[in-house]
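Please read the following report alongside the sequence and the model. It begins with one residue and then moves to other places and to the chain as a whole.

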Amino acid sequence: MLQIASSQSPVGSIVFACVALTILSIVVLLILRRYLPLRTTPAYLLVPVFFGLWLPASIVLLVPIDLASNASPDDEAIRGIWLPDRALLVAWRISYWLTFALTWFIFPIFAEYSDAGYREPKDRLIYSLHQNAQYYALVLGSGILGLVYFFIAYEPSFTSVKGLIMALAYCWGLVLAIYLMGHGLVAIPRNLIRNASASWRLRRLQSRAPKLYESMEDAILNLEDLEFQVSELSKRKTGSARDFQDWIEELSDMCGIPETRPRSVIPRENDGRIVPTVITEKYLADLTRQLVRAKHAKSRYVDEWDRLLYAASRTQAILDSSASRKLDFGGASPSSSMLERLTILTPYTRYLLHRQIIPYLRIFFGAFLGLASICITWSELVKGAFPSLSVIRFTVVHHWTGDSGRVGFAGQLIAAFWILYMCAAALHTVTEVKVWRGRALVRRNTAHESAFWYAGQVAKLSVPLSYNFITFLSPKIYTKTVFYNLLGQYVNLTPLGNWFNNLFPILVLLPVLATLFGLYGKVKRLFGFGVDIVDDEEDENSGGYGTGSWREGRVLIERELNGTSISRRLEEAASRTASGRAQPILTVPSARAEGSRTPFATSPSQRTLPARSTATRGRPTAPALSEPEDDNFFTSLGHRFKNTIDTMDTPKWIQDIGDGFKKPKWMGGDDSEASGSGSTGPGDSDIRRWFGGDGRIRL
């Protein structure tokens, strides 16, 4: 293939490019199949999302081809895969402008369209346009300011307007890309190196378990509240409800309350969700939207919880295999793929693979990607002031002819690796960022609005990162590319754009340092911020008192795997009730029966959920174990001081301060009672004694 590509005819390169695009199409389809059910997903979702992933992947392929296509005719021997300038120009125009349209117009409109909640397409489209009106107003306002600057600096023309639009879109995408990439450049190699230790991996899973379990329970309770509201709404047969009877029946079918669970499990209290007297179309649309979001939120957290249990059980099996040197994960789950069900390795070879080979491979790749992250960060810092010190330019350009260099096939492969790693670092952060509406990628059940949003982020970040990569090279190389003639000349058209392109990437150092030293968790603990921006592992593993520790997570995981959790017992009881059997009586103690009790290493909840029937899923508490906590010197010293102060007796002079003051008789103040207050019951000082009686309330 290399000999064909090095000939004067570009036929071999065209064949190579077509095969590569076909492979990319298959990979994109497999990704869509992993997160979306292809058979039931509507076409208005599949087609835009497919192109939203395929076009950025083709840009990663076009950049190395564009770099190698600049070789002069006498450099045919060192050329890699190349295409004629006309073919490159057509490919770049199609890729760039389709990506631009998807990012700024198609994805935002379709995302709100799929999340509208209305039944008719016209109403959903009107709702989508109304929701995006504020977004487009902000974009148009910033564009007008930039247009005034362009008209002052240059003559008004169509070229200046087009250049302004392309430059503003690039600058906004670069701002997001630099921050997201900076976080991912540290997170990816660090996770690989840390996951090499099975004990640390299990500890991290146990630390995540309490928070994830609580989120799953909240999502389940929220869905049950909405289903109860739908069940109350379905009882309306007269009045304004008759006009929307079909819509209400669709909501009832969506909930499936009579079929999926008995009425005894549904909460009896509406929890503040009162069905209005007059049913309107807007109310039903809001209810439909909330119900769809709640169902996807429950699916998300249940899927994450199942994957956490699966990973914890496998990691525990790996740790337990050290003594016997035999590793057996047991039977495959019903949702496992065909490759996971194949049994090729013996228990001993599986032990060698997971205990001896995979950990060292993770350390090797973690160190390699860490070195790559250092090279990218260094190249971002020096490309504006000292471009000749960039490390990436020497890894891509291997052939120098005079003052200019040429990119061969090996340089094309290395360039594709750099772009892929930069995009992977940014997209890795996108999956960790705490985004609005609880967007998440769920296996085979991703919400339509989430699919549009994530596809939009991929399309938005690909072009700025690709152009930012070619600026690492010598200007004598990238200024001759078609990509630069399409986009770069408009970015560098004004001094402001040139300075922004050269100096702003230096700020990649901020997210790199913030992630490297765990500044997110430190700032949150210092200022008391209640909103997390990203999942900071330093904050997760802090092990501070008053938060769900890894011990509580270990208890939760063991109870779920052994089938002894309260939620499992309630689900089994509900299934037996649905099948017609007698329901056993499960006594679940109330959280306020004997006062407020705080489990070991956990903090009392700030929210008081209303009292429910057996649908209330209690959160198991971790018993106080005798195993010592893994604390440092200062934490242990603080605990010793706290225990010493707590066990000190109150001085007598402090106890006698209140003896000189007497309470009035209407508050129960009497000399005899004061002298015998040590033997009185708790009802004597209760506020109910102010109004007479013995402190009891008769219902």
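## Phe 16

Phe 16 lies in helix H2; helices here are DSSP runs of H or I with at least four residues, strands are runs of E with at least two, and both are numbered from the N terminus. Phe 16 is partly exposed because its relative accessibility is 26%. On this scale, buried means under 20% relative accessible area, exposed means over 50%, and partly exposed is in between, with a 1.4 Å probe and protein chains only. Ile 81 is 65 residues away from Phe 16 along the chain, and 7.7 Å separates their C-alpha atoms.

## Basis of the values

This is a predicted model, in which local features need pLDDT of at least 70 and side-chain atom pairs count only at pLDDT 80 or more, while totals for chains, interfaces and linings use all residues. Residues are numbered from 1 along each chain as its sequence is written, and side-chain values use heavy atoms, leaving out hydrogens and water.

## The chain as a whole

The protein chain has 26 helices and two strands. Of its 699 residues, 41% are buried. Contact means heavy atoms within 4.5 Å. Of the contacts between residues at least 6 apart in sequence, 76% join residues at least 24 apart.

The chain exposes about 39100 Å², and 62% of this comes from carbon and sulfur atoms. Accessible areas are computed by the Shrake-Rupley method with a 1.4 Å probe; for residues, only the protein chains shown count as cover.

## Thr 377

Helix H12, residues 347-382, holds Thr 377. Thr 377 is buried because its relative accessible area is 10%. Beyond its neighbours within four places in sequence, Thr 377 contacts Leu 185, Val 508, Leu 509 and Val 512.

## Arginines in loops

Arg 325 is in the loop between helix H10 (281-324) and helix H11 (338-341). Its phi is near 60°, a positive value in a residue other than glycine. With 45% relative accessibility, Arg 325 is partly exposed.

Arg 444 is in the loop between helix H14 (409-432) and helix H15 (448-470). Arg 444 is not a glycine, yet has a positive phi of about 60°. Its relative accessible area is 39%, so Arg 444 counts as partly exposed.

Arg 39 is in the loop between helix H2 (11-35) and helix H3 (43-68). Arg 39 has a relative accessible area of 87% and is therefore exposed.
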